[in-house]
Amino acid sequence: MNLLHRLAESIQKGDSAQAVSLCKQLLEQGFTTPEIVSEGLLKGMNEVSEQFHTGTYFIPQLLLAARATQSAMDCLSSSDNASAQTAPKCKIVLGTVEGDIHTIGRRLVAMMLTAAGFQVIDLGCNVPISAFVKAVEESETEMVFVSTMLTTTLRTMRNTVQALQAIGRKRPLIIFVGGAPVTQDFAQSVGATYTDTAVHAVVRSRQAFEELYGASPEKWQSQPQK
């Protein structure tokens, strides 16, 4: 069994110590950060996603896998392989709409996005529309996640998405929506992208990033700044 396969398995098991050890071994053998992320970490997370969808894994397993991935990413970012002269991470604004104080789902998404190589600006819960707009404008992000766990705040989510769409920008803003009462039909009705799980949120954000920049987040970050 090669090291990349073992790394993927360590993520599936949520074994942070083993994930870090294997990352160090891979770096010593000359593997690049993008190779380690795409062929090891992401393959492990993809398997975790499959297990979650089939009901084999639950939230605790997702959290352990996300923490193992984050530990591995921290190891890679502190290595000589990750030059100090790299481009800044892609930023993603994340928050739960005003009127909703739920936190667990949003925190899980934030943890997994961070582990996937994004810089997450977590606005927390009960976030006013004006705070979403201000954060997007100040961070100059290309993506924003809007969540709610309450049917009663779906109207607020709609209004939040509309306010974000009204921001004057040179590049389009990709808006993701998710949470227990959110459906594909609702997302389409407001012109947003639907995400049904934390793992799906990571997959869709990476797809959107690659469409925007023509490279995965880790490959883009490893490019020297101009």
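Biologist: How many aromatic pairs does the count come to?

Modeller: Rings of Phe, Tyr and Trp (its six-membered ring) pair if their centres lie within 6.5 Å, and by this rule the count here comes to 2 aromatic pairs. This is a predicted model, in which local features need pLDDT of at least 70 and side-chain atom pairs count only at pLDDT 80 or more, whereas totals for chains, interfaces and linings use all residues. Residues are numbered from 1 along each chain as its sequence is written, and side-chain values use heavy atoms, with hydrogens and water left out.

Biologist: At what angle do the planes of Phe118 and Phe209 lie?

Modeller: The planes of Phe118 and Phe209 lie at 75°, with the ring centres 6.0 Å apart, so this pair is edge-to-face (planes over 60 degrees apart). The pair links distant parts of the chain, 91 residues apart, since Phe118 sits in the loop between α5 and β2 (119-122) and Phe209 in helix α9; helices (H or I, at least four residues) and strands (E, at least two) are DSSP runs, numbered from the N terminus.

Biologist: At what angle do α3 and α4 pack?

Modeller: With axes fitted to C-alpha atoms over the stretch in contact, and angles running from 0 to 180 degrees between N-to-C directions, α3 (residues 33-53) and α4 pack at about 175°, their axes 10 Å apart. That makes α3 roughly antiparallel to α4 (angles over 145 degrees).

Biologist: Which residues of α3 meet α4?

Modeller: Contact means heavy atoms within 4.5 Å, and Thr33, Ile36, Val37, Leu41, Met45, Val48 and Phe52 in α3 meet residues of α4 including Ile59, Leu62, Met73 and Leu76.

Note on methods. Parallel < 35°, antiparallel > 145°, perpendicular 65-115°, else oblique. Phe/Tyr/Trp six-rings, centres within 6.5 Å; stacked < 30°, edge-to-face > 60°.
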